[in-house]
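Open the model in a viewer and colour it by secondary structure. The stops below say what to select and what is found there.

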Amino acid sequence: WQSQTSGQYQRRVHGGTNVGMCFFGKCQYVSAIICLKRALSLSPFEWIINYNIGIVHLSTQQYASSFHYLSASIHLKPNYAQAYMYLGVVLARLGDRQNSISAYQKALKLKDSHLIRLNFAVTLLRIGHAKAAMEQFTAFERHWSELPAEKKNGLMHVEMLATSFEKEVLKTEDKRTVSSYWTIRNNII
């Protein structure tokens, strides 16, 4: 039996994380979870591994598991805004509306970004807070319009989420929300 050096150990941990996220990118979720949990067993206090496992579980609609790993990630690195954003998504999916809103607010305190605003808008609309959703969507549009074109390239997921928000608005029965949405859209375009 040979002992590993610290560098070899770290390469195995980070290699497992990288391979796991490659599997995730190819929608091979079981393989992603296996690699990531192996890396986590080697280094249980790595916030990024917990975060990545939480994201994979969120993608597979395993919300309780996602909550567990995202919470661990936040405990290990409490200043990472996107972890709070995804925790907000998970909590909304679990039916915990108030804590979902609190998680988004914490994310915005850490970093005010277009992605957090847009996810918050979609979540607020889905849980029935149409007016607050419109406020967040307006803030998203402002952030988005200020981004240089080169930063928008490759962010197709943001466009897809904005389209999802639009579909949710159009499904709502609140005529003022729909009217406000079209006013905002017409002022931006």
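For the helix pairs on this tour, an axis is a line fitted to the C-alpha atoms over the stretch in contact, and the angle between two axes runs from 0 to 180 degrees between N-to-C directions. With that in hand, select helix 7 (114–126) and helix 8 (residues 130–146). Their axes come within 8 Å and cross at roughly 160°. Since angles over 145 degrees count as roughly antiparallel, helix 7 and helix 8 are therefore roughly antiparallel to each other. Their crossing is left-handed.

**The whole chain**

Zoom out. This is a predicted model, with 11 helices and 0 strands. Its elements therefore read α-α-α-α-α-α-α-α-α-α-α from the N terminus on. The protein has 189 residues, and 43% of them count as buried.

**Helix 8**

Return to helix 8 and pick its end C-alpha atoms. They are 24 Å apart, which agrees with the 24 Å that 17 residues should span at 1.5 Å a residue. Now show the side chains of its buried residues, among them Met 134, Phe 137, Phe 140, Glu 141, His 143 and Trp 144. Gln 136 is buried as well, as are Ala 130, Ala 133 and Ala 139. An α-helix has 3.6 residues a turn, so residues three or four places apart point the same way.

**Helix 5 and helix 6**

Next select helix 5 (81–93) and helix 6 (97–110). They pack with their axes 8 Å apart, at an angle of about 165°, and are therefore roughly antiparallel to each other. Helix 5 passes helix 6 in a left-handed crossing. On helix 6, click Ile 101. At a relative accessible area of 12%, Ile 101 is buried. Its C-alpha atom is separated by 9.8 Å from that of Leu 87, 14 residues apart along the chain.

**The cores**

Which residues touch the most other members of the largest nonpolar core? Select Ile 116 and Phe 165, which hold that place among its 38 residues. Helices 3, 4, 5, 6, 7, 8 and 10 each supply at least two residues of this core, and the largest share, 9 residues, comes from helix 5. A second, separate core has 9 residues, including Ala 39, Leu 40, Ile 49 and Ile 53.

**Helix 2 and its cysteine**

Move to helix 2 (residues 29–42), where 14 residues reach 20 Å from the first C-alpha to the last, close to the 20 Å expected at 1.5 Å a residue. Its buried residues are Ala 32, Ile 33, Cys 35, Leu 36, Ala 39, Leu 40 and Leu 42. Stop at Cys 35, buried with a relative accessible area of 18%. The structure holds 0 disulfides.

**Two loop residues**

Finish with backbone angles. Most residues other than glycine have a negative phi. Select Cys 27, in the loop between helix 1 (6–25) and helix 2. Cys 27 has a positive phi of about 60° although it is not a glycine. Then go to Gln 61, in the loop between helix 3 and helix 4. Its phi is also positive, near 60°. Is the side of the chain at Gln 61 buried or exposed? Gln 61 is exposed, with a relative accessible area of 58%.

Note on methods: Residues numbered from 1 in each chain as written. Predicted model: local features only at pLDDT ≥ 70, side-chain atom pairs only at ≥ 80, totals over all residues. Heavy atoms only, no water. Helix = DSSP H or I, 4+ residues; strand = E, 2+ residues; numbered from the N terminus. Expected span 1.5 Å × (residues − 1). Buried < 20%, exposed > 50% of the residue type's maximum accessible area, 1.4 Å probe, protein only. Disulfide = S-S within 2.5 Å. Core = buried A, V, L, I, M, F, W, Y, C linked by side-chain atoms within 4.5 Å. Parallel < 35°, antiparallel > 145°, perpendicular 65-115°, else oblique. Left-handed = near helix turned anticlockwise from the far one by under 90°.
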